[in-house]
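Thanks for asking me to look this one over.

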Protein chains: 6
Amino acid sequence: MNKNIETFIGCDAEYAEADIVLFGAPYDGTTSNKPGARFAGKTIRAESFGLETYSPYLDRDLEDIKVFDGGELELPFGDPVPVLDKIYSYTKKVISGNKLPVMLGGEHLVTLGAVRAMVEKYPDLVIIHFDAHADLRDEYLGQKLSHACVIRRCWEIVGDNRIYSFGIRSGTREEFEWAKEHICSGKYLLEKVESLDSLKEYKMIGKAPVYITIDLDVLDPSVFPATGTPEAGGWQFSTLRGYIKDYCGALNIVGVDLVEYSPPYDSNGVSAATACKILRELLLLLRK
Amino acid sequence: MNKNIETFIGCDAEYAEADIVLFGAPYDGTTSNKPGARFAGKTIRAESFGLETYSPYLDRDLEDIKVFDGGELELPFGDPVPVLDKIYSYTKKVISGNKLPVMLGGEHLVTLGAVRAMVEKYPDLVIIHFDAHADLRDEYLGQKLSHACVIRRCWEIVGDNRIYSFGIRSGTREEFEWAKEHICSGKYLLEKVESLDSLKEYKMIGKAPVYITIDLDVLDPSVFPATGTPEAGGWQFSTLRGYIKDYCGALNIVGVDLVEYSPPYDSNGVSAATACKILRELLLLLRK
Amino acid sequence: MNKNIETFIGCDAEYAEADIVLFGAPYDGTTSNKPGARFAGKTIRAESFGLETYSPYLDRDLEDIKVFDGGELELPFGDPVPVLDKIYSYTKKVISGNKLPVMLGGEHLVTLGAVRAMVEKYPDLVIIHFDAHADLRDEYLGQKLSHACVIRRCWEIVGDNRIYSFGIRSGTREEFEWAKEHICSGKYLLEKVESLDSLKEYKMIGKAPVYITIDLDVLDPSVFPATGTPEAGGWQFSTLRGYIKDYCGALNIVGVDLVEYSPPYDSNGVSAATACKILRELLLLLRK
Amino acid sequence: MNKNIETFIGCDAEYAEADIVLFGAPYDGTTSNKPGARFAGKTIRAESFGLETYSPYLDRDLEDIKVFDGGELELPFGDPVPVLDKIYSYTKKVISGNKLPVMLGGEHLVTLGAVRAMVEKYPDLVIIHFDAHADLRDEYLGQKLSHACVIRRCWEIVGDNRIYSFGIRSGTREEFEWAKEHICSGKYLLEKVESLDSLKEYKMIGKAPVYITIDLDVLDPSVFPATGTPEAGGWQFSTLRGYIKDYCGALNIVGVDLVEYSPPYDSNGVSAATACKILRELLLLLRK
Amino acid sequence: MNKNIETFIGCDAEYAEADIVLFGAPYDGTTSNKPGARFAGKTIRAESFGLETYSPYLDRDLEDIKVFDGGELELPFGDPVPVLDKIYSYTKKVISGNKLPVMLGGEHLVTLGAVRAMVEKYPDLVIIHFDAHADLRDEYLGQKLSHACVIRRCWEIVGDNRIYSFGIRSGTREEFEWAKEHICSGKYLLEKVESLDSLKEYKMIGKAPVYITIDLDVLDPSVFPATGTPEAGGWQFSTLRGYIKDYCGALNIVGVDLVEYSPPYDSNGVSAATACKILRELLLLLRK
Amino acid sequence: MNKNIETFIGCDAEYAEADIVLFGAPYDGTTSNKPGARFAGKTIRAESFGLETYSPYLDRDLEDIKVFDGGELELPFGDPVPVLDKIYSYTKKVISGNKLPVMLGGEHLVTLGAVRAMVEKYPDLVIIHFDAHADLRDEYLGQKLSHACVIRRCWEIVGDNRIYSFGIRSGTREEFEWAKEHICSGKYLLEKVESLDSLKEYKMIGKAPVYITIDLDVLDPSVFPATGTPEAGGWQFSTLRGYIKDYCGALNIVGVDLVEYSPPYDSNGVSAATACKILRELLLLLRK
C-alpha cells in the first residue's frame, strides 16, 4: 500500500519524467493587509478534486501531460531573507533539470526568489505581470522586501522595459509616475484594466524567455474575493483566461507563478475553485 | 387561529385552485463535492420574505396567480432508489391533476424522478437543460444513479436529440464527445456559454411539451457561489433571466425544476436571494 | 503623545480648515430584512487602511484635499424620530459652516434627516438617487418612517420632478406606477438599470443644488453582497463609478450619503473594500 | 394535499385543543449591540427537525402534549410602541383562552408586551429572570423603551420584590445599587451566577403566578455564542436546565419567554440547537 | 525529489513496518441533519501540522511509534452498500496483516463496515461506544443502513451485552427502552453522561478484544461544534481524554474509529484542532 | 468639533494625567499557524463599546481611573528586528514617564520588545506567563525570533527561576525537559493547567517587579476560539479571571500584555468580547 499522496488533480508524474514542476511557497510574512496566503497551495490541492482534468476550452487533459507536484516548501516565518533563499534554490534545481517551474504562493514577494534563479539561466528574461496593484514602491514602512515592492525589486534585476504589467488599478501617484519610465505598459497602465490588445506586446517580446507572475487580485473581487487586498474594478475570469491563452500560445514561457490567494477569506470555496481552474488552464497551455 | 404556514412568498393558493404546484425534493446523497442542497427548499422559502411579489421586468405579480406550495417531500437518506420513487409519485399526482410541477432540489439527480413521471404523460417530452456540467457520465465511481449522470439517465428515457443543454463548461472529454452525437446542442456546447441565439431552438422544438431543468451552477460563481461545484466562467443573472423569459414565452412548458443550491455555502444569503428571484420570474412566466 | 484617532484614510483635516465633513449615522432600526448597517461607518474606517489615498482613475489624492472626519453620531435605538432629529442637527451645523456633508449610513432612512436640513438651506434641492429599491411606499407595516418609504418622505419635502432615481429593479406595482407621475426617471425606471445616458439629466438639472444618495445595493450582489436586501441584476463597480464621475463633474453637488452597507453580511471584507473605494472617488470628485 | 406547515418539532396541535401556545415576536429594534434576534423564531423552528421530541432527562415526549405553534407575529420595524401593543394583544388572547403562552423573541424588550397582558390577568405576578445583564436602566440613550431597560419597565408594573434575577454579571454600578433595593435577588446578584440554591426562592414565591423570562445570554458564550452582547463567565447548559426543571416543577408557571438568540451570529448552528433543546425541556415541564 | 505526501503529523511509517494503520472513510450519505463529514480526514491531516507530536499528558511522542497513513478510501456516493463493502475489505486487509486499524469517518455508519471485518477475526468482539445519540433505531425513514441505526446493526452482529455506550443524551423513547435490554450500559445511559466510573466496566470486559467507536458529538458542542447534530449537555475534552486513557490502558483494543467531524461547520478550525489532539492521544495509547 | 477618536471604552484620559498607557503592537509575522493577530487591537477597541465600564466582580469602574489609549504602533511587516525595536522604544518612553504599559498584541513575539525595555528599568524583573504553549524552543525552522521561542528569549534576559508559566499544555519533549531546569513552574507545568494554588508563588515572588504576559490561548478553545493555534483542554474564563485577580492584588505589577487574539478566526465576535472583559478586569486591578 501507498502512503497518502495528495497532488493537484492529474499531476502525478514522477519527477524524472515530468516536464513541469509544481510547488508551493507558503509565505505571507510581508502581507500588508489580510494575511493567509500561506495556506493557498494546500487548499488548492485539496479543492482540486472537484475539478475535471479535461479543459473543454482547450480540448486538452491533464492526464496527457507530465506534471510533478512537489508539495509545499518548508519555509520559515518572519524574516523574508531565508525564505527567498529557499525559493531561489528550489527554482534553480528545477530549471537546471530543464523543467518548467510553476510556483503557488504565498504572497507576491515569493516571486522575487524565483526570478533571481530564472535570471541566472535566462539573462534576457521578460516578466509579464498581472495584478491589481503596481507593487512598485521602493520601500514600504522602511522595508525593501515587501509584497508591495516586489516588482520594483524584480526591475532592479531585469532592468527597464522588460516588465509588462496588466490590470493595475491601485498604487501611489509615485508608482504610476515611475512606471511610465520603466515599465513597458506604464504609460497606459489603467487602460489595460479592461482592454485586450495583446498583439502588440507579442511582437515586442518576440522569442525572449518569459516569466509570468499572476497576482490573482487582478480578477475582480466578485470573481475572486479571497485575497489580501481586494480591489474593485477588476477582470472577469474569461478576461484572464484569454490573456493566459494568448500569451502562452505566442511566447516562450519559462516559468509561472500564481500568488495572493488567501484561503481564510474564501468563505464558500469559490476562489479556490477559480484558482484551480486557472492553474489547470495554465498547465495545459505550458505543455509543448 | 392558524398554525404556522410558511410558503414561498405569494404562493398561498389552496391545492384545488392552483395552476402550479411548488414542492421541494431535499436530497443530496450523490453530491460528489460539497453537500447541502437538501436545505435549499426550506432556505428559499425563509428568504423569500425579502422579495417583492411584483416583477418590474414582467409587470406581473405573484398575487395574481395561483400557486400551491406543498412544502418539502419527506425523503430518506443514502440509497437514491426510494428517493426517486417518492419524487416520481408526487410529480405524477401533480400532473394527473393537470397542474404544472415546479420542483426545488436538492441535487440534480432529483430531476430523474420527475422526468420519469413526466414522460409517462408526455411521451414526446423535450428537456431544456441549463448547467455548468454536462452530467452525461454513464457512471460515477461505479454508480449509475449520481448527479453526475443525471442527464445521461434522462437521455435513456427520452432518446437522441430531445435534450438541449446550455451553459455547459465542465465535463470529461468522453462526455463532450458523446454529447456531439446525442445532445441537440452538443456540437457547440461551449459556445452556448456566452452566446444567446435561442431563436433557432424555438423552431426545432415547436409545440412539443418541454421540461426545463435549471442547475443553478450555470450562473457564474460570482453571482451564485452557493453550489456544490462552482465553475468559473458562467452566466450573469440577466443572461439566465433572458433565456427563461424567451423559452417560457415561446414554448409549451409542462414542468420545471431548480436544483443544486447549497445553503451551507451561502455565507451572506446572496445566493438565496438570487434563487428566490429566479423562481419568482419562472412562476410568473408559467402562468397561462 | 496623541490619543488614538481613527479617521477614514487621508481624512485628517481639522474641522476649521475642512471643505468636506464626513460623519456616520449608525442607525438601522427600520431595516426590514437583514440589520447591521449600524456598523458600516466604523467598519469602513477600519478597512480604509488597505486603500491607497491616490486614485489612478482621477489622478487625484486624498492627501491634497481637506476632509474632516467627525466619526459616528451617537444615536438612540428603536424609535426613529430622535434619530432623524440628531442627523438633522448635525447636518445643519455642517452646512451652516459652508462645508459639504458626506454621511455614511446606516440604513436608508437616515437620508431623511439630512435632506430636511439641506432643504432649509437649498429650497430648490434636487435629489439623485441610486438604489435597487424604489423606496416609494407610503407606509410599511403601518410605519411612515421606514427605509422602504424614505424617498417618498423626501418627495413630500422636495415635490414632483425633483428626484432622479437610477438602478431601481425592485418595488411593488404601486411604487412603479406612482413613480411614473412623480419621479423624473419614473417612466423608464428599469431601463436605467443598465443604460448609461446621463447627459439628458445634466441639462434638466442645470445649476440646481443636488444631493446624491447612494444606496449601495444598486450594485450587483456579486460586487456588493453585504447589504440588507440584495437584488440580483444590478450594476458593476465601473457603472457606478462612471455615474458618480459624470454627475459630480457636471452638477452642483451640495451633499452626499452612502447607505445600506451591512458589515455582518460581509464575510470576506470585499464589500467594505468596495465601499471604501467608492467613498474615495466621491471625496476626490467633490473637491472644487 | 396540505400547504406547507412548519412548526417547532412535535408542536402540531390545533389551537382549540392546545394547552400551550408557542409564538414568535420577531423584533430587535432596540438591540444596542448586534441585531438579528428577529430571525430567532424562524431559525429555531427550521433547526428543530434535528431534535428528538423525546427528552431522556425527563422521560417525556412532545408527542404526548398539546402545543399549538402560531408562527411569528407580524410586527413593524423601528418604533417599539406598536410592537409592544401587538405582543400585548396576542398574549391577552392566548391567556384569555386559558392557554399558557410561550414566546420566542426577538430581543428582550418583547417581554414587556407580554408582561403587560399577564399582569392584567395575574395582578400578583412574580417574574423570574435569567440573564447576563441587569436590564435595569431607567433609560438608554434617552429611550425608556429599550432592551437595556426592560426589567426596570416590568418593575414599574409589578413593583418591589416581585422580580428574581439570576445569572446577572453585567450592568452599571447604578443598576447593581438599585437592584439591592428593588429586586429580590439584588443583594447577591453576582453570587447567583454560579451557585444553585433555588430552594429558598421556592418558599418565598409560594403559589403566586410566575412568569419566566429567559435571556439566553445567561449561558456562557462558549455554550451559546449567538447573542447580541455575549458576556463571558456564564452558565453551562446543565445549570440552566437544572434551574428550569426546579422552578417549573415547584412553582405555578403562567407564561414563559426565550429571548435574545441572534441567528446571524450562529456560524455553525450550535446556538440554534441549544435553544431548541431548552425550548423542548421547557415545553415538557409546562404540561400539567 | 518526492511527490507531495501528506500524512497526519508524525505518521510517516511505511506500511510494512507499521503497527497501526490510519485511514479515512469519507462517506456521509446517510447523515440525517448537516452533511459534510466526508471532508473530515483530509481536514484533520491538513490541520495536524499545528499540533505537536509530543503529548505532555502521556510523555510520549508520535515520532517514537510506527503509524502508516493510507489516506482516504475512494468511496462512491449515495447507496451505502458498496461503501460498506470497501470499508470492510480495507479493514480486513489491515487486520489480516496484524496491524491495528484506526479509521477516520465520515459519518457513523462507516463503523459498520469495519465491525463486519473485525468480528470475522474476533468473534467475541466487544464494542465501546462514545456518542451523544443512541443510534439504536431499527430503521430511519425506511432505511436500515443509516447513521441513526448503526449501533443497532452492530448489535445484530455482536449480540446482547457486548456493547457499552457512554455519553448518550439523545434518542427516542423506544431506543432508550430497547437499550435497557440489550446494551450493557443501557439501564443508566444518561447517568453515564456525567459520571466517570469506568472501573466496573474493566472487570466485565476482561481480556476480550475491544473496538472503540468515538462519535465526536459525545463532546459538548461548545468544545466540538462541527458535527452534524450537536447536542448540548456533553463532555469536556478532559472527560473524553480520561475515558480514552483509562480504557486504552486497561483493555485489549483491536480497532478504533473517530467519526462525525463535519468541517463545513467548523468556522474557526477549533473542532479540527480538537479532533487532531484526540487522535494523537489515541495513537500514543494504542502503541504496545 | 473633534476628530473621530476611538479608544478602548472608558480609556479617554490625556497622556499627561494617565497612570496606565494602553497601546497595540499589530505584528503577527512569525505566527506559525493561523495569522491575523495584527488586527487584535483595532478589533478589541471597536468591540469594547458593547462592554460596561463597571465590573460587578470588583465593584470598580473604568470611569474612575486614568488610562491613556495611544492606539496602534505603526509597525513594518516581515522582518521582526525593526518591529521589536519600535515596541522597545515605545515601552521605554511609557515607563520612563512612570506610567504602566499595557500592550495588546499581535502575536506573542511582541512581548520580547516590551521585556527588553522593562528589564532596563527593573533589572530584577519577574515574568508571569499564562499560555497553552511553552514557547521555549531555542529556534523554530531556523529562526531565533519566533513566537514559538519568545519565552526562551525572555529567559536569556532575566535568567533562571524568574519566569512562572501557567496553563502550558503543548510543547516538544525538549521544551518540557528544559523547563524543569529553568522555569519556576517547570516541574509541574501540566498540573498548573487545572489547579489554582497560587499562594505559594506569592511568597516566592515577594516584592519583585512583575511583568504579566497573557497569551489568550491559555483559555480553552470553547471559551476563546480565535487564536492562531487553539489547544483543547484549557481554562475557563473564571479561572483566568481568578489568577489575574490574585496576582494583581498581591504582587508589584509593572507591565502587562495580552497577545494572540486573531480576529479573522472570531466568527461570531465572542473572543473579542471575552478579550475586552479580561482587559477591563486587568485595567481595574492595576490601578493603585
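1. A word on the source before anything else. This is a predicted model. Please read every distance, angle and area below as a value computed from that prediction.

2. Let me begin with the sheet of chain A. Its 7 strands form an open sheet with parallel pairing, in the order 4-1-5-9-8-6-7. The edges are held by strand 4 (67–72) and strand 7 (163–166) of chain A; each has a single partner strand, so one side of each is left without a neighbour in the sheet. On average, neighbouring strands here are turned by 15 degrees against each other, direction ignored.

3. Strand 8 (residues 209–215) and strand 9 (residues 252–259) of chain A run parallel and are joined by 7 bridges. For a landmark, look for A:Ile212, which stands opposite A:Val256 in strand 9 of chain A.

4. Which strands of chain A does helix 8 lie across? Helix 8 (residues 270–286) of chain A lies across strand 1 (20–25), strand 4, strand 5 (100–105), strand 8 and strand 9. Relative to strand 9 of chain A, helix 8 runs at about 170 degrees.

5. Now to chain C. An open sheet of 7 strands is found here, with the order 4-1-5-9-8-6-7 and parallel pairing. Strand 4 (67–72) and strand 7 (163–166) of chain C are the edge strands, and since each has a single partner strand, one side of each is left without a neighbour in the sheet. Strand 8 (residues 209–215) and strand 9 (residues 252–259) of chain C pair in the parallel sense over 7 bridges. A residue pair to look for is C:Thr213, opposite C:Asp257 in strand 9 of chain C.

6. Helix 1 (residues 40–47) of chain C lies across strand 1 (20–25), strand 4 and strand 5 (100–105), at about 130 degrees to strand 4 of chain C. Helix 4 (residues 150–158) of chain C lies across strand 6 (126–130) and strand 7, at about 155 degrees to strand 7 of chain C.

7. Next, the interface of chain A and chain F. Each chain is represented in the contact, with 25 residues from chain A and 25 residues from chain F. Between them the two chains bury about 1800 Å², 62% of it on carbon and sulfur atoms. On the chain A side, A:Phe77, A:Leu141 and A:Gln143 lose the most area to chain F, together 31% of what that side buries. How many salt bridges and polar contacts go with this? The count is 0 salt bridges, and 6 residue pairs are in polar contact. The side of chain A that touches chain F divides into 12 nonpolar, 8 polar and 5 charged residues.

8. Chain F also touches chain C. This contact takes 23 residues from chain C and 23 residues from chain F. The buried area is about 2000 Å², with 61% given by carbon and sulfur atoms. Here the rule finds 2 salt bridges. One salt bridge joins C:Lys42 and F:Glu6, whose closest N and O atoms are 3.8 Å apart. There are also 2 residue pairs in polar contact. Helix 1, strand 4 and helix 2 (80–96) of chain C each supply at least two residues of the side that touches chain F, and strand 4 of chain C gives the most, with 5 residues. By class, that side of chain C has 9 nonpolar, 5 polar and 9 charged residues.

9. If you plan to look at charges, the structure holds 102 salt bridges over all chains. Another salt bridge is formed by the side chains of B:Lys34 and A:Glu47, at 3.6 Å from N to O. That pair crosses between chains: B:Lys34 is in the loop between strand 1 (20–25) and helix 1 (40–47) of chain B, while A:Glu47 is in helix 1 (residues 40–47) of chain A.

10. Chain A and chain D are not in contact, with their nearest C-alpha atoms 11 Å apart. Chain C and chain E do not touch either, and their nearest C-alpha atoms are 11 Å apart.

Technical notes
Residues numbered from 1 in each chain as written. Chains lettered and ligands numbered in written order. Predicted model: local features only at pLDDT ≥ 70, side-chain atom pairs only at ≥ 80, totals over all residues. Heavy atoms only, no water. Contact = heavy atoms within 4.5 Å. Buried area = accessible area lost by both parts, 1.4 Å probe. Salt bridge = Lys/Arg side-chain N within 4 Å of Asp/Glu carboxyl O. Polar contact = N/O pair within 3.5 Å; in protein donor to acceptor, adjacent residues only side chain to side chain. Nonpolar A, V, L, I, M, F, W, Y, C, P; charged D, E, K, R; others polar. Pairing = 2+ DSSP bridges. Helix = DSSP H or I, 4+ residues; strand = E, 2+ residues; numbered from the N terminus. Axes fitted to C-alpha atoms, helices over the stretch in contact; angles between N-to-C directions.
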